[in-house]
Amino acid sequence: MTATTGDVWLPFPAEEIDGLPEGLNYLFWDGEPDYPGDPADCAYYVVPYLKGPEIAVRPLASMSAVQVVQTLSAGIDHVEPGLALLHSGVRLCNAKGVHEASTAELTLALILASLRGLPGFVHGQDKEEWRSGFYPSLADKSVLIVGYGSIGSAIEDRLAPFECARVARVARSARTTARGPVQTLDDLPALLPEADVVILSTPLNPSTQGLVGADFLAAMPDGALLVNVARGGVVDTKALLSELESGRLRAALDVTDPEPLPAGHPLWHAPNVLITPHVGGSTSAFEPRAKRLLAAQLTRFAAGEPVRNVVTTTG
C-alpha cells in the first residue's frame with residue numbers, strides 16, 4: 001500500500017513520543033482555543049484526553065481531509081456526536097490496550113473497599129472510633145461482569161486469586177472463552193438474582209443507555225453490590241438512588257449520570273455508596289501505554305497499512 005502523509009494532531013508533544021515515523025507533520029493540540037494548524041490539513045486526529053465532548057468534536061466539521069480519528073479512551077461516546085460532520089470513510093479507533101490494567105485495578109479496589117467497609121473505617125479514623133466487626137468478603141461471592149470486552153476480561157484476570165464462587169460473563173454476543181461461556185444481555189434476568197457483585201464495564205451505546213434501570217436493580221439480590229466502571233449513562237440514577245436509600249443494595253461508582261456529579265446531588269450522600277471521580281484510566285500506566293499505541297498506529301498509517309482498534313468507519 002502507498003505511504004500516507006499529512007498533518008497529525010497529537011495531545012502530546014511529538015518529541016515526547018518514541019518511535020514516531022518520519023514523513024508526517026506533527027502538531028500539538030490538547031484542546032486549547034487556538035488550533036495548531038488548519039484543520040483541513042489534518043489527516044490523523046488524536047482526540048485530547050479527558051477534555052470532554054465539546055472539545056473532542058469542535059474541529060471535526062473543518063477536518064475535510066481527515067482519515068483517522070483516534071481516541072485515547074476505551075469509550076468513543078464523546079466523539080460519536082461529531083461523526084456525522086465527517087466525510088465517508090473516516091476510521092474511528094479507540095485505545096484498546098491502554099486502560100485495561102488501570103480500570104481493572106480500580107474495579108477490584110472498589111469491590112474490596114465496599115465489601116470490607118473501608119470508607120467507614122476512614123470516617124471512624126477521622127472521629128477516633130474503633131469500628132471493629134465482621135464484614136463481607138469477596139471470597140465465595142458470585143460475580144457478574146456485564147460488558148466482557150478487553151476490560152471485562154482484565155477484570156476477571158484480577159478476580160482469579162480471590163476465590164469467587166462463580167464469575168458469569170455477559171456481552172453483546174455469545175461466545176466461548178478459555179475461562180468459560182459469555183452470555184448475552186437477554187440472559188440477564190436469569191443471571192442477576194444469583195449475583196452478589198455486578199460489575200458494569202460495557203460501552204455506552206443505544207443498547208446499554210439506561211440498561212441498569214428499576215427492573216435490572218430489582219432483580220439483584222438483597223445486599224448485592226453494583227460496581228460501575230463503564231459510563232454513568234448505563235445506569236438510571238433515579239432508580240439506583242431508590243435502591244440505595246432503601247438500604248437494599250450497595251454501589252461503587254467511578255462514573256455517574258450526571259458527570260461530574262454536581263454539589264448538592266443526592267447521590268453524594270446516599271447510604272452504602274462509594275464514589276470515585278472517573279479515574280479508572282487515570283494512572284501512571286496511561287501515558288506510556290498511550291504513547292506506545294500512537295507510535296504503533298502512526299507507523300502503520302504512514303506506511304499505508306491498516307490501523308488497528310477500528311470501532312467504526314463513517315459511511
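This is a predicted model: local features need pLDDT of at least 70, side-chain atom pairs count only at pLDDT 80 or more; totals for chains, interfaces and linings use all residues.
Leaving aside its neighbours within four places in sequence, which residues is Met 220 in contact with? Residues are numbered from 1 along each chain as its sequence is written, and side-chain values use heavy atoms, with hydrogens and water left out.

The protein contains eight helices and 14 strands; these are DSSP runs, numbered from the N terminus, where a helix (H or I) has at least four residues and a strand (E) at least two. Along its principal axes, the C-alpha trace spans about 65 × 45 × 35 Å. A compact globule of 315 residues would have a radius of gyration near 20 Å, and the 21 Å of the protein agrees with this; the radius is taken over C-alpha atoms, and the globule rule is 2.2 Å times the number of residues to the power 0.38. Of the 315 residues, 50% are buried, where buried means under 20% relative accessible area, exposed means over 50%, and partly exposed lies in between (1.4 Å probe, protein chains only). Among contacts (heavy atoms within 4.5 Å) between residues at least 6 apart in sequence, 63% join residues at least 24 apart.

We can now turn to the interior. A nonpolar core is a set of buried Ala, Val, Leu, Ile, Met, Phe, Trp, Tyr and Cys residues joined through side-chain atoms within 4.5 Å. The largest such core has 31 residues, of which Leu 144, Val 198, Leu 200, Phe 216, Leu 217, Met 220 and Leu 226 touch the most other members. Several elements each supply at least two residues of this core, including strand S6 (142-146), helix H6 (214-219) and strand S12 (250-253), and helix H7 gives the most, with four residues. Met 220, with which we began, is in contact with Leu 192, Val 198, Leu 225, Leu 226, Arg 248 and Leu 249, leaving aside its neighbours within four places in sequence.

Arg 248 leads on to the charged pairs. A salt bridge is a side-chain nitrogen of Lys or Arg within 4 Å of a carboxyl oxygen of Asp or Glu, and by this rule the count comes to nine. In one of them, the side chains of Asp 222 and Arg 248 meet at 2.8 Å, N to O. This pair links distant parts of the chain, since Asp 222 is in the loop between H6 and strand S11 (225-228) and Arg 248 in the loop between H7 and S12, 26 residues apart. Asp 222 is exposed, with a relative accessible area of 63%.

Another salt bridge joins Lys 291 and Glu 16, at 3.7 Å from N to O. Lys 291 lies in helix H8 and Glu 16 in the loop between strand S1 (7-10) and strand S2 (25-28), so the pair ties together parts that are 275 residues apart in sequence. Lys 291 is buried at a relative accessible area of 13%, whereas Glu 16 is partly exposed at 42%. Glu 16, Glu 287 and Lys 291 are linked in a network of salt bridges. The charged end of Lys 291 also sits over the ring of Phe 12, 5.2 Å from its centre; the rule for this is that NZ of Lys or CZ of Arg is within 6 Å of the ring centre and within 35 degrees of the ring normal.

Rings can also meet one another. Rings of Phe, Tyr and Trp (its six-membered ring) pair if their centres lie within 6.5 Å, and planes under 30 degrees apart count as stacked, over 60 as edge-to-face and the rest as tilted. The structure holds nine aromatic pairs. Trp 29 and Tyr 35 have ring centres 5.4 Å apart and planes at 70°, so this pair is edge-to-face. Trp 29 is buried, at 1% relative accessibility, while Tyr 35 is partly exposed, at 28%. Tyr 44 and Phe 301 form another edge-to-face pair, 5.1 Å centre to centre with 70° between the planes. Because Tyr 44 lies in strand S3 (residues 42-46) and Phe 301 in helix H8 (residues 286-302), this pair ties together parts that are 257 residues apart in sequence.
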